[in-house]
Amino acid sequence: MTEIYYIEDDENIAMAVKEYLSQYLSCGSVSIDKNKTAVFCGEEEIIVSQAEYQILRILMENKGKNVTRERLLTKIWDNNGIMSTIIR
């Protein structure tokens, strides 16, 4: 369902656009929708596991930066090797 926004001034328009765009990350033809936890290649939704989604999201949020294996492990799995259910 599409949400309808009633915007009264330019500042509110800019804030609404920024909020809407912040739910998406993209790199080339791959994008993710953070609200739906969905991955897309172009227009096609790609089914990925929770771990794959989290790895992709971390890498896309840190585009152009080095992300160590240890950082991925601590962000995605807890100390017992159990996948974290918290997506930040």
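I began with helix α2, residues 50-61: at 1.5 Å a residue its twelve residues should span 16 Å, and the end C-alpha atoms are 16 Å apart, so the two agree. I note here that the model is a predicted one.

**Overall layout.** I counted the elements next and found three helices and four strands in the protein. Read from the N terminus, their order is α-β-β-β-β-α-α. I then looked up burial and found that 20% of the 88 residues are buried. The exposed surface comes to about 7200 Å², with carbon and sulfur atoms supplying 53% of it. For contacts with a separation of 6 or more, I noted that 35% join residues 24 or more positions apart.

**The sheet.** I traced the strand order as β1-β2-β3-β4, in an open sheet with antiparallel pairing. β1 and β4 (44-46) are the edge strands, each pairing on one side only. Neighbouring strands are turned by 30° against each other on average, direction ignored. Looking at the β3 to β4 pairing, I found three bridges between these antiparallel strands. Within β4, Glu45 is the bridge partner of Phe40.

**α2 against the sheet.** I returned to α2, which packs on the sheet and touches β1, β2 and β3. Its direction makes about 105° with that of β2. Which residues of α2 are buried? I listed Ala51, Tyr53, Gln54, Arg57, Ile58 and Met60. I checked what these buried residues pack against: the strands β1 (24-27), β2 (30-33) and β3 (38-41), and also the helix α3 (69-76).

**The salt bridge.** How many salt bridges does a search of the whole structure find? I got one. Arg57 forms this salt bridge with Glu61, and the closest N and O atoms are 2.9 Å apart. Side chains of opposite charge can pair when their charged atoms come close. I looked at the positions in the helix: Arg57 and Glu61 are four residues apart in α2, so about one helical turn separates them. An α-helix has 3.6 residues a turn, so residues three or four places apart point the same way.

I also compared the cover on the two partners.

Conventions. Residues are numbered from 1 along each chain as its sequence is written. This is a predicted model: local features need pLDDT of at least 70, side-chain atom pairs count only at pLDDT 80 or more; totals for chains, interfaces and linings use all residues. Side-chain values use heavy atoms; hydrogens and water are left out. Helices (H or I, at least four residues) and strands (E, at least two) are DSSP runs, numbered from the N terminus. The expected span of a helix is 1.5 Å times one less than its number of residues. Buried means under 20% relative accessible area, exposed over 50%, partly exposed in between (1.4 Å probe, protein chains only). Contact means heavy atoms within 4.5 Å. A salt bridge is a side-chain nitrogen of Lys or Arg within 4 Å of a carboxyl oxygen of Asp or Glu. Accessible areas come from the Shrake-Rupley method with a 1.4 Å probe; for residues, only the protein chains shown count as cover. Two strands pair if DSSP finds at least two bridges between them. Axes are lines fitted to C-alpha atoms, for helices over the stretch in contact, and angles run from 0 to 180 degrees between N-to-C directions.
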